[in-house]
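Have the view open as you read, and take the points one at a time.

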Amino acid sequence: MFYTAAITKQSKNQSIGIGLEDTDYGIAISSINPEGPLSQTSLKPGLKLLIINNIEVSGLSPKEVGKILNNVGDKLVLSAVDIVPDITFQVNTSRKSKRDNRQTNERVVATMKRDINDATPTIFNEAGVPSNSFSRIYKLIESELLPAAMALRSHETTYNREMQSYTSKQMIKGGLVGFGTESNHEKKVFQMVAQGAQLQRNVDLKAMQVKDKTNAMLAKYNIMATVALESRRLGKYSSKQMQANEALDVVGLEFHRIE
């Protein structure tokens, strides 16, 4: 939900009575002075601050945002949104070149973004979700969804290496068409494409399964889980391609309060 507050300060030095804190989700409102000009607006603690007088602030520090608040003038328009809490993971490919720089070792690493002791969403505490239920949800994501996403990324990494090897051998042995060894490579590539589609389906099915199990645990607390997605830029496959595509990766679950 989107919240907007428009106020006019009575003097340049008047405090608007807002407290800010840096969180994993961006700049959040930590407090609103009940006697300040924002107390009668829709802004409230726990919201993520996005815009001040058409200035995007979501990537700034609280100190930088404070400077903006002090310098924008008497009239202020602030926009904020609900923070969408999540339990998510990240899957990265690390690359390390050997000494001769002729070969690069690639390793896929998957980790939860926050430790189980630091990851409890605030709305879980507010709704009275038992700690053991949170632990079960966290471990569902860590043990069932994360491995499927890691298997898919590992396969994609191997596929990219095979394609690079295939292309270089084609160029060396037979120009753009090639001969002699291409049939084995092509067969391998086709098999990897098919398996890649199946691994993607595995991730989607696991995400649905984990989400359904989680929603069954959270239903009586009026909290709903949805699949958390992150975009990843894909390389262009042709010089004629107008713009690069983006892939949406499953990275865990987000949680929403049901009003």
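1. Leaving out neighbours up to four places away in sequence, Thr157 is in contact (heavy atoms within 4.5 Å) with Thr93, Glu106 and Val108. Thr157 sits in helix α3, and its relative accessible area is 9%, so Thr157 is buried. Here buried means under 20% relative accessible area, exposed means over 50%, and partly exposed is in between, with a 1.4 Å probe and protein chains only.

2. Before going further, a word on the source: this is a predicted model, in which local features need pLDDT of at least 70 and side-chain atom pairs count only at pLDDT 80 or more, while totals for chains, interfaces and linings use all residues. Residues are numbered from 1 along each chain as its sequence is written, and side-chain values use heavy atoms, with hydrogens and water left out.

3. Now the overall picture. The chain has four helices and 10 strands, in the order β-β-β-β-β-α-β-β-β-α-α-α-β-β along the sequence. Helices (H or I, at least four residues) and strands (E, at least two) are DSSP runs, numbered from the N terminus. Of the 259 residues, 34% are buried. Among contacts with a separation of 6 or more, 61% are between residues 24 or more positions apart.

4. Return to helix α3, which spans residues 131-174 and also holds Arg153. Is Arg153 buried or exposed? Its relative accessibility is 14%, so Arg153 counts as buried. A polar atom of the Arg153 side chain lies 2.9 Å from the backbone oxygen of Val91. Setting aside residues up to four places away in sequence, Arg153 touches Val91, Asn92, Thr93, Val108, Arg232 and Asp249.

5. Helix α1 (residues 62-71) has Val65, Ile68 and Leu69 buried. Down the axis of α1, the buried residues fall within an arc of 100°, so they line one face of the helix; the arc is that of the directions from the helix axis to the C-beta atoms. Those buried residues pack against β2 (18-23), β3 (26-32), β4 (47-52), β5 (55-56) and β6 (75-82). On the other side of α1, Lys63, Lys67, Asn70 and Asn71 are exposed. Just after the helix, Gly73 has a positive phi of about 110°.

6. Ser31 is partly exposed, at 36% relative accessibility. Ser31 and Gly19 are 12 residues apart in sequence, with 4.7 Å from C-alpha to C-alpha. Beyond its neighbours within four places, Ser31 is in contact with Gly17, Ile18, Gly19 and Pro45.

7. Finally, the aromatic rings. Rings of Phe, Tyr and Trp (its six-membered ring) pair if their centres lie within 6.5 Å; planes under 30 degrees apart count as stacked, over 60 as edge-to-face and the rest as tilted. The count comes to three aromatic pairs. One of them, Phe124 with Phe255, is edge-to-face, at 4.9 Å centre to centre and 75° between the planes. Phe124 lies in helix α2 (residues 122-127) and Phe255 in strand β10 (residues 246-257), so this pair ties together parts 131 residues apart in sequence. The rings of Phe134 and Tyr138 have centres 6.0 Å apart and planes at 55°, so that pair is tilted. Phe134 and Tyr138 both lie in α3, four residues apart, about one turn of the helix. Ring pairs link Phe124, Phe134, Tyr138 and Phe255 into a cluster.

Technical notes:
Polar contact = N/O pair within 3.5 Å; in protein donor to acceptor, adjacent residues only side chain to side chain.
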